[in-house]
Amino acid sequence: MTTPTILDVDTGYDDALALLLALRSPALDVRGVTCVAGNQRLPQVVVNTLKIMDVVGADVPVAAGMDRPLIEELREPALLHGHDGMADLGLPPSTRKVLDVHAVEFMRQTLAASTEPVTIIALAPLTNIATFLRMYPGLRDRIGEIVIMGGSAIAHGNTSPLAEFNIRQDPEAAAIVLSSGLPTRLYPLDVFRKVRFNRAEIDAFAAAANPVTRTAGRIMQYALSYFQAEWSLIGDAGTVATVIDPGGCEVQRLPVTVELTGAVTRGATIVDRRTAAQRARPNEWWQTSVHEVDVILDLDAERYRRVFGEGIRD
């Protein structure tokens, strides 16, 4: 059986790794890819996504969506992902065309036409998904699950001391999605940082004849160079790997609140790990969110290294 999915991306280099894995996986029926501003401005996100489609040879529709957060201005893209947002690979221009409908409208059409629930794999700021939920609440029941790369449970942030990039880029959108009451699974920085490959493994990927394997290796070589490290994370691809094979995750259902007002803490995900009895006490200083999501607190890193490695090879 395959899982019908839509991937929502802001294609930087780790979204590219995630797309390579998802589009090759027989476990996923990718109905479309929606793009949102995040790692790069929206036009470059679309360009990068279409180039990855060429690498895989995938015939999957791509739609452009929201070009800025709901409230804040879009921050300038960081050089972390390269000047083109995708490791400066120098891939040839794509002749593919983006759909002439907005990503939110594409989501509406796809979910309305589906005879089975669709999983949304969200690897970017949640602006597209929040907008969809506000515009088309009648289609909520067509969403099987929203799987989000975002936030942190107890780990430090990667954009501010406490906030992870995807959530911090559009905290209001994240608050809408995480308080929606829909089945939601969070793949936070705590586990994001655990699935990695060493230099020798990455060099072997980059030397492969298969263009998917070779492209993944070249992306990870860029990360080695940028961070001056001997290993590279697979980043967003780990989120996809847990959808392909969810059995290697330690998951706990917990309330998650997005901090919207703090000067330093804005965009932090507050994961309430108190007991249910503690949360229920009426005189606590801080009342927890009434909405719970499945938070991946730990995972079998070796298992997901295999999922990724096998998924991008012949």
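**Exercise 1. Find the loop that holds Gln-228, then say whether this residue is buried or exposed.**

Step 1: Helices (H or I, at least four residues) and strands (E, at least two) are DSSP runs, numbered from the N terminus.
Step 2: check the backbone. Gln-228 has a positive phi of about 50 degrees, though it isn't a glycine.
Step 3: check the surface. Gln-228 has 69% relative accessibility, so it counts as exposed. Buried means under 20% relative accessible area, exposed over 50%, and partly exposed in between (1.4 Å probe, protein chains only).

A quick note before going on: this is a predicted model, where local features need pLDDT of at least 70 and side-chain atom pairs count only at pLDDT 80 or more, while totals for chains, interfaces and linings use all residues. Residues are numbered from 1 along each chain as its sequence is written, and side-chain values use heavy atoms, with hydrogens and water left out.

**Exercise 2. Work out which residues of helix α3 are buried, and where they point.**

Step 1: in α3 (residues 103–113), pick out Ala-103, Val-104, Phe-106, Met-107, Thr-110 and Leu-111, which are buried.
Step 2: look down the axis of α3. The buried residues fall within an arc of 155 degrees, so they line one face of the helix. The arc is that of the directions from the helix axis to the C-beta atoms.
Step 3: see what they pack against. The partners include β1 (3–9), β2 (28–35) and α4 (127–135), with contact meaning heavy atoms within 4.5 Å.

**Exercise 3. Find the members of the largest nonpolar core that touch the most others.**

Step 1: know the term. A nonpolar core is a set of buried Ala, Val, Leu, Ile, Met, Phe, Trp, Tyr and Cys residues joined through side-chain atoms within 4.5 Å.
Step 2: of its 63 residues, Leu-7, Val-33, Val-240 and Phe-308 touch the most other members.
Step 3: name the top contributor. Helix α1 (residues 13–24) gives the most to this core, with nine residues.
Step 4: look beyond it. Another core, of 33 residues, lies apart, and Ala-122 and Ile-167 are among them.
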